[in-house]
Amino acid sequence: MKEVIKNLSKDFGLNIEETELLASTLLNKPRFELYFNQEENLMLERYLRLKFNLLKNGVPIEYVTKQVQFLDFKLALFPGVFIPRLETEYFVELIRKLIQFKPQRICEIGTGCGAISVALAEMFTDSEIIATDICKVALKNAQYNVHKFNLTDRITLINTDLFLAFKNKIFDLLVCNPPYVPRERINELPKSVRDFEPRMAIDGGWGGVVFIKKLINHAFNYLKDPITFALEIDEDEVEDLNLYLKEYTENYFFIKDLFGRTRYLFVGRFRR
């Protein structure tokens, strides 16, 4: 294995430490265990070389390993499903910290691989969660993770666009990481995002607020009073959303992420 690491390091222009880290991630084992097997393994080298080539071509490592770490959960991630990020981990932690009541029925719009819903189920142990997505592949991915963490009796997955599957005001908390990247900035995204992640999970329309405004408009018809929801946004959308929200409520505020960018919108029963 030592020779395999050396060859990969040389051929892909990486130092030994970087090569070891990637190999250990791809093989799902600690770095020190890479050297337990000192025999030459041609099939193993071919496997790693294939994966390294994918990474070199810009494929996100989460799609190569088919897994992603989200808070305390190691989630399965199907290629083509939106990759949850650090900002969303912090988003979930803010919900835990700021919410002022125990939600009984939660709706997550656009669940992707199910990361937020799985985390919320662990956070609010008495709640029922309905998680939706318009993408059937994403729902299969979410179903895998819901089953993996034994949450099938707590999380219901529905293939629908926004609230089309619902008729009444049945939720007391809505959570969503919507598509919010302004369409005019899509081409500025890194290749790994622009070329490999699902466009429908990223593209927020012109100005980035098309989906968000549609979601807010519907939310007031499907949430119990007092209306309570939490969304991720782009900081360039704050002024536009300020004007839009004032037509509905004054009970909202924005919070910055760990990098100092305004990233989250909280409406309703949250501590400021």
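Rings of Phe, Tyr and Trp (the six-membered ring in Trp) are taken as a pair if their centres lie within 6.5 Å. By this criterion, a search of the whole structure, which is a predicted model, finds 15 aromatic pairs.

**Aromatic pairs**
- The pair of F166 and F171 is edge-to-face, because the ring planes stand at 85 degrees, with the centres 5.1 Å apart.
- Both partners, F166 and F171, are buried.
- F253 and F266 form a stacked pair, because their planes lie at 20 degrees, under the 30 degrees that the class requires; their ring centres are 5.7 Å apart.
- This second pair links distant parts of the chain, with F253 in strand β8 (residues 252–256) and F266 in strand β9 (residues 262–267), 13 residues apart.
- F253 is buried, as is F266.

**Ring cluster and charge**
- F253 and F266 also belong to a cluster in which ring pairs link them with Y90, F91, Y264 and F270.
- At F101, the charged end of R269 sits over the ring, 3.7 Å from the ring centre.

**The β8 and β9 hairpin**
- Strands β8 and β9 run antiparallel and are joined by 5 bridges.
- Within this pairing, K256 stands opposite T262 of β9.
- The hairpin has 5 residues between the strands, and G260 takes a positive phi near 85 degrees there.

Key
Residues are numbered from 1 along each chain as its sequence is written. This is a predicted model: local features need pLDDT of at least 70, side-chain atom pairs count only at pLDDT 80 or more; totals for chains, interfaces and linings use all residues. Side-chain values use heavy atoms; hydrogens and water are left out. Rings of Phe, Tyr and Trp (its six-membered ring) pair if their centres lie within 6.5 Å; planes under 30 degrees apart count as stacked, over 60 as edge-to-face and the rest as tilted. Buried means under 20% relative accessible area, exposed over 50%, partly exposed in between (1.4 Å probe, protein chains only). Helices (H or I, at least four residues) and strands (E, at least two) are DSSP runs, numbered from the N terminus. A charge sits over a ring if NZ of Lys or CZ of Arg is within 6 Å of the ring centre and within 35 degrees of the ring normal. Two strands pair if DSSP finds at least two bridges between them.
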